[in-house]
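Please view the sequence and the model together before reading on.

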Amino acid sequence: MSRKKLLFYFSLLLLLIVGALITRHYYKKIKGKLTLIEATDKSVASLADDYYTQRDGIIYYDFETLNGTENLYEEMSHSGKYSCKVFGNNSFSPIITKRVSEIGKNRLDRAGISAYIYVFPKDAATLKASLVFSITDNKDNNIVWKSVEIVSAYFKPGQWQKVSGAFDIDTASIPEGCVIKAYLWNDSKAQILIDDIMVVTGRDQPFRGDTTWCDITGNEVWQQNTGHPPYPFVYLNTLTPNNKTSSSLSGNNKLSDEILIDSRSVCAGNFYNPANNRDKVLALHEDSLYAYSYCDNNNTFTCDFQTVLKPEDSIWLTSRFLPARYCGKATDEILLQDTASKTLALYYIGNTTAGTCSQKPSLLKTHCLWKGNYTFFSLNGKTPVSFWPVYLTPIKKTSLLCIYDDGHWQVFEFQKSDWASVAKSNKPNNTWNQSEYTYTLVGGCFTSFAKSPQLLSIATSRKNKQSEYHILSFDTRNNTFNTVYPKTTSDNNKTTNADAFSTYFTLNVTGATVNTLLKYDDSWRFDLKLLSFLENTLTVKYNLDFKGYDNHYNPKYYENTVFLTGAFTNAGITSLLTWCYNNPENKNQSLLPDALYLFSFQNPKN
């Protein structure tokens, strides 16, 4: 061997030795900084006692008893007072541990891990982390190492999100004296908070334990408890339009028949031909406006009218659609809200009738009744931050509720050719204060004793994320809102079943004396629930799923599902028009092609 080759191999060997020493030193340095926390039965006991009947297979820690460490974070938590910060590249949360002997190898053939994660917006784009489940021997060697990957593409910064995963484990490879470990490893610049870390071991056993949290293998016989998980399922049944499973409303893929899949640019209302008491669909596509109605003859929607918008009507292109009966007539008008220019415009459809199941659309006639800006609705020098079309009296005329950033409000009615203020607040509604709460409003009839329309206000605190609700009714004598619930300070109006970030629908259902309230949340996965007021408590009553869809094209499997409610097929009975589509960059769209369905709902007898 030449001298040069000998020198090369010697240098390479020396480099490997130095690298190994550096790595070992770095590992010891990191390892020395790690905090080990032994999970106890006391930490598991902090979970809901009604649900957890057997806790042998659970490891849980909420960081409330973690003292004397710089990792504690007091300004924000998912539960309790504290969370744990995992800031910066190659940082670790405290490691939650439990001896395998305390759980038993026979329970370790499968394990699930979950935690709540919060990522600060700064450097969130670099997010790369792992929620780790491992089993180590008495020399700290990994016998099992499993992880749930957390990356920016699938994670929304600025809010708590649950991360979870489950793994099969080869128990034969686990020697005596091993330890289970659970922790978060941050391998990015992102600043992360972790809270409520949980490990559950054991195989699934249906109808045992609380499957809403995770599956606990208790021996007690499962019994359904109304208002408590797991919730029973009820189904929306399809009235599928003959649209050839496309996103085109009339089943025709020509440009003139397409609907833009954008909930801001489509709305429903009885805009013309009011005699049939059915809602029509008004949709914007590019610079054109289309009007559709349901045709019973061929079980599909037909395009009745269309028009290319004129330059003076360009506000349609940038506005949110707020359809309602503002003038108190038989037809609905459309209030357009352009948040960028802070402009409002009120339009009506000038077409009076449409041919039944028309084959060719006629010219759509739009007329502007009023146009102005936010300053017209000012109160105490402030312009509104939100506008809400609401029914406040049994008379079928819609009022416009304007809410201001400090929680004050003002009610307007459209009279002849202009808006007029008919009521205003003497003191602010605290849960409508924009700096303290995020809120949403839902109009309807929610209690059986209601004599006038009600307003459900759901507010979520910006500080502690706690949600609360109020049912309001409008007092026409004193021109103010009365609180239907809570009546007294002892009434509990706090809720974990609703929040201000979800979307809500009210349905008119055959035989029902109150509106059916649906809640849709897609922040983590598809979640559609029916809410009910049981003993004055806002409760989840049912999970909702679908029946009658083509092949395996269940709307809940799509990346995006858009709902539009209206009395499309029967006067006074609400159905759900549903668009389903995946993001354009998804290469597997052939597996789930764009689809459109019309679903009906009936309240279960029980």
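The points below cover salt bridges and the surroundings of one asparagine.

This is a predicted model, in which local features need pLDDT of at least 70 and side-chain atom pairs count only at pLDDT 80 or more, while totals for chains, interfaces and linings use all residues. Residues are numbered from 1 along each chain as its sequence is written, and side-chain values use heavy atoms, with hydrogens and water left out.

**Salt bridges**

- Side chains of opposite charge can pair when their charged atoms come close.
- A search of the whole structure finds 10 salt bridges, a salt bridge being a side-chain nitrogen of Lys or Arg within 4 Å of a carboxyl oxygen of Asp or Glu.
- One of them joins Asp296 to Arg278, with 2.9 Å between the closest N and O atoms.
- This pair links distant parts of the chain, 18 residues apart: Asp296 lies in the loop between strand S16 (288-295) and strand S17 (300-308), and Arg278 in the loop between strand S14 (266-269) and strand S15 (280-285).
- Strands (E, at least two residues) are DSSP runs, numbered from the N terminus.
- Asp545 and Lys556 also form a salt bridge through their side chains, at 2.8 Å from N to O.
- Here too the pair links distant parts of the chain, 11 residues apart, with Asp545 in strand S35 (residues 537-547) and Lys556 in the loop between S35 and strand S36 (560-570).
- In the salt bridge between Glu74 and Lys81, the closest N and O atoms are 3.3 Å apart.

**Exposure of the paired residues**

- Buried means under 20% relative accessible area, exposed over 50%, and partly exposed in between (1.4 Å probe, protein chains only).
- Glu74 is partly exposed at 49%, and Lys81 is partly exposed at 44%.
- Asp296 is partly exposed at 48%, whereas Arg278 is buried at 17%.
- Asp545 is buried at 9%, whereas Lys556 is partly exposed at 28%.

- Asn515 sits in the loop between strand S32 (503-507) and strand S33 (516-521).
- Asn515 is buried, with a relative accessible area of 17%.
- The side chains of Asn515 and Asn508 are joined by a polar contact of 2.7 Å; such a contact is a pair of N or O atoms within 3.5 Å, and within protein one must be able to donate a hydrogen and the other to accept it, with residues adjacent in sequence counting only if both atoms are side-chain atoms.
- A polar atom of the Asn515 side chain lies 2.6 Å from the backbone nitrogen of Cys445.
- Leaving aside neighbours within four places in sequence, Asn515 is in contact with Gly444, Cys445, Thr506, Leu507 and Asn508, where contact means heavy atoms within 4.5 Å.

Technical notes
Helix = DSSP H or I, 4+ residues; strand = E, 2+ residues; numbered from the N terminus.
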